[in-house]
Amino acid sequence: METLKKRLGNLLTVKSIVTIVLTAVFAYLTCTGGVTAEQFLTVFTVVIAFYFGTQAEKKAQVDNGNGTGTT
């Protein structure tokens, strides 16, 4: 139960909310013809890469701080 609360808390960070909202908006625009599928894919790829890249960097910093990561 505690793990579930922690994961839900992580979803409520500003970065996560922006990623989810941006994904929903671009999905809507793609479905209604506001943007092409190619434009959607470009923007979505950048956003997701940034999101997961920062998550990986944050995890690496935590691991290095605890002495369990590699340098």
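## Basis of the model

Residues are numbered from 1 along each chain as its sequence is written, and side-chain values use heavy atoms, with hydrogens and water left out. Because the model is predicted, local features need pLDDT of at least 70 and side-chain atom pairs count only at pLDDT 80 or more, whereas totals for chains, interfaces and linings use all residues.

## Overall architecture

The chain contains 3 helices and 0 strands, and its pattern along the sequence is α-α-α. Helices (H or I, at least four residues) and strands (E, at least two) are DSSP runs, numbered from the N terminus.

The radius of gyration of the chain is 16 Å, whereas a compact globule of 71 residues would have a value near 11 Å. This radius is taken over C-alpha atoms, and the globule rule is 2.2 Å times the number of residues to the power 0.38. Along the principal axes, the C-alpha atoms fill a box of roughly 50 × 30 × 15 Å.

Of the 71 residues, 10% count as buried. Buried means under 20% relative accessible area, exposed means over 50%, and partly exposed lies in between (1.4 Å probe, protein chains only). The chain exposes about 5700 Å², of which carbon and sulfur atoms supply 68%. Accessible areas come from the Shrake-Rupley method with a 1.4 Å probe; for residues, only the protein chains shown count as cover.

## Helix H3 and its packing

Helix H3 covers residues 37-65 and has 29 residues. From its first C-alpha to its last, H3 reaches 41 Å, close to the 42 Å expected at 1.5 Å a residue; the expected span is 1.5 Å times one less than the number of residues. The buried residues of H3 are Phe40, Val47 and Tyr51, and they pack against helix H2 (14-32).

Tyr51 illustrates this packing. Its relative accessible area is 14%, so Tyr51 is buried. Not counting residues up to four places away in sequence, Tyr51 touches Lys15, Ser16 and Thr19, where contact means heavy atoms within 4.5 Å. Tyr51 and Thr19 are 32 residues apart along the chain, and their C-alpha atoms are separated by 7.4 Å.

Two other residues of H3 are Phe44 and Thr45. Phe44 counts as partly exposed because its relative accessibility is 27%; its C-alpha atom is separated by 16 Å from that of Gly33, 11 residues apart along the chain. Thr45 is also partly exposed, with a relative accessible area of 44%. Thr45 and Asn10 are 35 residues apart in sequence and 21 Å apart in space, C-alpha to C-alpha.

## Nonpolar surface patch

Met1, Leu4, Leu8, Leu11, Leu12, Ile17, Ile20, Val21 and Val25 make a nonpolar surface patch of about 900 Å². Helix H1 (2-11) and H2 are the elements that give two or more residues to this patch, and H2 supplies the largest share, 4 residues. Patches are made of residues with over 30% relative accessible area and no salt bridge: like charges are joined within 9 Å, and nonpolar side chains (Val, Leu, Ile, Met, Phe, Trp, Tyr) within 5 Å. A salt bridge is a side-chain nitrogen of Lys or Arg within 4 Å of a carboxyl oxygen of Asp or Glu.

Val25, one of the patch residues, is placed in helix H2. With a relative accessible area of 41%, Val25 is partly exposed.
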